[in-house]
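Dear colleague,

My notes on the ligand site and the nonpolar cores follow it.

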Amino acid sequence: MSAQEESTPFANFPKFYGDPTWLLQDRFGLFIHWGLYAAAARHEWVMNREQIHPDVYRKYFEHFEPDLFDPTQWARAAKAAGMKYFVVTTKHHEGFALWDSQLTDYKVTNTPIKRDLLREIVEAFRHEGLRVGFYHSLIDWHHPDFPLDGLHPQRDADDFKAMAAHRKISRYRTYLHGQVRELLSNYGKIDYLWFDFSYAHQDWGWSKGKGAADWDSKELEQLIFDLQPDILLNDRLDLNRGVVTPEQYQPSTPLMKEGLPVVWEACQTMNGSWGYDRDNLDWKSVDMLIKMLIDSVSKNGNLLLNIGPNGRGEVDPASLDRLNGLGKWMRLHSRAIYGAGASSFQPPVDCRYTQKGKRLYLHIFSWPFKHVHLPGLAGKVDYAQFLHDASEICMEEHVPNKVITSTEAESETGTVTLELPIQKPDPV
Ligand code: FHN
């Protein structure tokens, strides 16, 4: 490896990681956190946060019967919101398999619902044209051979001998690799594999120092690409393949072949909880979510926005309202999101630019604006039309602090100052 390669953050980049071109184009995806915790209705970490003993937590397993489950409704809501891919929890830290795994009895087909719900989700979303992503937790609070990490004192207390768990880690590793093999062999083409969590270079956190050696990440990585050669894989196998330096914790950065544009992805909740939480009232507004999407794309990133369906299998009304509001905005302005990215022009304060080729999109975050100084827009733009379009869009959606995406404008050199109307629309 040349000295130059040694010095770049790509120095140890593998040559076979996937091609993120579709992710650059899609920009907006749905994250789905759904498991037994949905029945507890108190956040996906409820088992840990409320120190629920595994024997007690098993009640959720024995009663899991999401009778109102309708994955087509989920998929259509995501599609209408403008989302182009989804990532669903196949197994979260609780260890419950949402598919008919042959490697455990702690699986959805052994609950009263008796069906392979992951298969139904994949088929419904694939039918609506969304790309398929699987979330898979490296840590597992249920598996007897998962080396305990002190995060579950209740179980640690009950099974202290398991603290010598490293002798068992090899059995857990085989289980982990085996379940990944099932997921990547039995559900058709999988576009994205999203592992959670690995913190080997720190002795705290969710996997308490476990990392590449514990997961046998190199072998697991090879298995993944043998089974799904084109899959995108995020960097949580702790192989430090991410585009940031090893000592920083990589966000879920899907990795890509060398020389391809860097892509990163912000994963966000709508209300502060990944799993369904009946009492969580910390809801982000539609405006805030639109701004988060624009802000991510304006920085060459994606937004993976989460929903947590409840124990009956329904997406709650508050989440559906936000997906619907996002869809209304995306119907008008997805051209400023899909395939767009950062602009070399500096946007005015409280604005964002997203750019796609020679098309520059202005996103005005704090309306009304009296004067907007728009560097980068040249005299060739038909300002009357631009103003009309902008004012039309503004007037059409004129709400203070509402995000407005104005019309396209060819990006040239030069500057322009636009006086945008600030009067409220005439009462109809
Ligand atoms: O512990 C998990 C958490 O429950 C959730 O799945 C998020 C999603 O990004 N990942 C871990 C914490 O960040």
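**Ligand site and cores**

A polar side-chain atom of Tyr 135 lies 3.4 Å from an oxygen atom of the ligand, a polar contact being a pair of N or O atoms within 3.5 Å. This is a predicted model, in which local features need pLDDT of at least 70 and side-chain atom pairs count only at pLDDT 80 or more, while totals for chains, interfaces and linings use all residues. Residues are numbered from 1 along each chain as its sequence is written, and side-chain values use heavy atoms, with hydrogens and water left out.

The residues around the ligand (a heavy atom within 4 Å) include Phe 31, His 33, Trp 194 and Asp 196.

The largest nonpolar core has 83 residues, and Trp 34, Phe 125, Phe 134 and Ile 224 touch the most other members. Such a core is a set of buried Ala, Val, Leu, Ile, Met, Phe, Trp, Tyr and Cys residues joined through side-chain atoms within 4.5 Å, where buried means under 20% relative accessible area (1.4 Å probe, protein chains only). Another core, of 10 residues, lies apart from it and has Trp 22, Leu 23, Tyr 192 and Trp 194 among its members.

Yours sincerely

Key:
Polar contact = N/O pair within 3.5 Å; in protein donor to acceptor, adjacent residues only side chain to side chain. Buried < 20%, exposed > 50% of the residue type's maximum accessible area, 1.4 Å probe, protein only.
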